[in-house]
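Trainee: I have a structure to study and some questions ready. Could we go through them one by one?

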Amino acid sequence: MPDSEIRPGLDRLLQGLGGSVPVTVHDGRLDVLARNAAATEHLGEAAATGRYGRNIVYQSFTASARRVLGNEGADLYARWATAELRSAIGRYPDDERLRGLVAELSATSGDFRPHWAHGEVATERSGVKRLRHPTRGWLTFQSEMLHNTARDHWIVIYAPAT
């Protein structure tokens, strides 16, 4: 099982970067554990609520994902997030929370079902993302995912693309 607490040093790094570079941390179940002020500014507050509201896969199938990423970006993100979910289930095949997430999205999201049926498993750990900032419009970032294997945490850094 992934650890639900981030290391104190990582938390200090997140807070130290504050408003300069967006950074998020999610666990191996794809639940967001932490994010800094810049991530909240660029990604918005987590709009999804309920049992899976902190989960990046669940969030990818919400209206807020379309607002921040645009239609094309949200579709690409949903595809990637679903492939990440399949990866997570491969690491934790008996995890009831992950199985419940698949059941919930299968029952409630017509957009999720074809992605899940496609059967992709995620392997991409970097990419270019366009985010719609509420006041500055579209901004482009190079995102990089770093893995803390001991806790199964993923640190996602969004560096401004040049």
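Trainee: Which element gives the most to the lining of the largest pocket?
Mentor: Keep in mind that this is a predicted model. The largest pocket has a volume of about 630 Å³. Two or more lining residues come from each of α4 (63-91), β3 (126-133) and β4 (137-148). With ten residues, the top contributor is α4.

Trainee: Which residues are the closest to the centre of the largest pocket?
Mentor: The lining has ten nonpolar, seven polar and seven charged residues. In total, 24 residues line this pocket. The closest to its centre are Leu76, Tyr77, Trp80, Glu124 and Val128.

Trainee: How far is the charged end of Lys129 from the centre of the ring of Trp80?
Mentor: A charge counts as over a ring only if it is within 6 Å of the ring centre and within 35 degrees of the ring normal. Lys129 sits over the ring of Trp80. The distance to the ring centre is 5.5 Å.

Trainee: Which residue lies over the face of Trp138?
Mentor: Look for a charge placed over the ring. The distance from the ring centre is 4.5 Å. The residue is Arg130.

Trainee: How many cavities of 30 Å³ or more does a search of the whole structure find, and what is the volume of the largest cavity?
Mentor: The search finds one cavity of 30 Å³ or more. The volume of the largest cavity is about 380 Å³.

Trainee: Which residues are the closest to the centre of the largest cavity?
Mentor: α4 gives the largest share of its lining, seven residues. By class, the lining divides into 14 nonpolar, seven polar and four charged residues. Of the 25 lining residues, the closest to the centre are Arg35, Leu43, Gln59, Tyr77 and Tyr158.

Trainee: How far apart in space are Glu84 and Gln59?
Mentor: Glu84 lies in helix α4. In sequence, Glu84 and Gln59 are 25 residues apart. In space, C-alpha to C-alpha, they are 13 Å apart.

Trainee: Is Glu84 buried or exposed?
Mentor: Buried means under 20% relative accessible area. Glu84 has 1% relative accessibility, so Glu84 counts as buried.

Trainee: Which element gives the most to the largest nonpolar core?
Mentor: This core has 31 residues. Those with the most contacts inside it are Ile56, Val57, Trp80, Leu85 and Phe112. α3 (56-60), α4, α5 (96-108), α6 (112-118), β4 and β5 (153-160) each supply at least two core residues. The one that gives the most, with eleven residues, is α4.

Trainee: What is the phi of Leu30?
Mentor: Most residues other than glycine have a negative phi. Leu30 is found in the loop between β1 and β2. Its relative accessibility is 0%, so Leu30 counts as buried. Phi of Leu30 is positive, near 75°.

Trainee: And what is the phi of Asp152?
Mentor: Asp152 is found in the loop between β4 and β5. At 6% relative accessibility, Asp152 counts as buried. Its phi is also a positive value, near 55°.

Terms used:
Residues numbered from 1 in each chain as written. Predicted model: local features only at pLDDT ≥ 70, side-chain atom pairs only at ≥ 80, totals over all residues. Heavy atoms only, no water. 1 Å grid on protein atoms, 1.4 Å probe; cavity = no way out; pocket = protein on both sides within 12 Å on 5 of 7 lines; lining within 4 Å. Points joined across faces, edges and corners; volume = space filled by probe spheres on them. Helix = DSSP H or I, 4+ residues; strand = E, 2+ residues; numbered from the N terminus. Nonpolar A, V, L, I, M, F, W, Y, C, P; charged D, E, K, R; others polar. Core = buried A, V, L, I, M, F, W, Y, C linked by side-chain atoms within 4.5 Å. Buried < 20%, exposed > 50% of the residue type's maximum accessible area, 1.4 Å probe, protein only.
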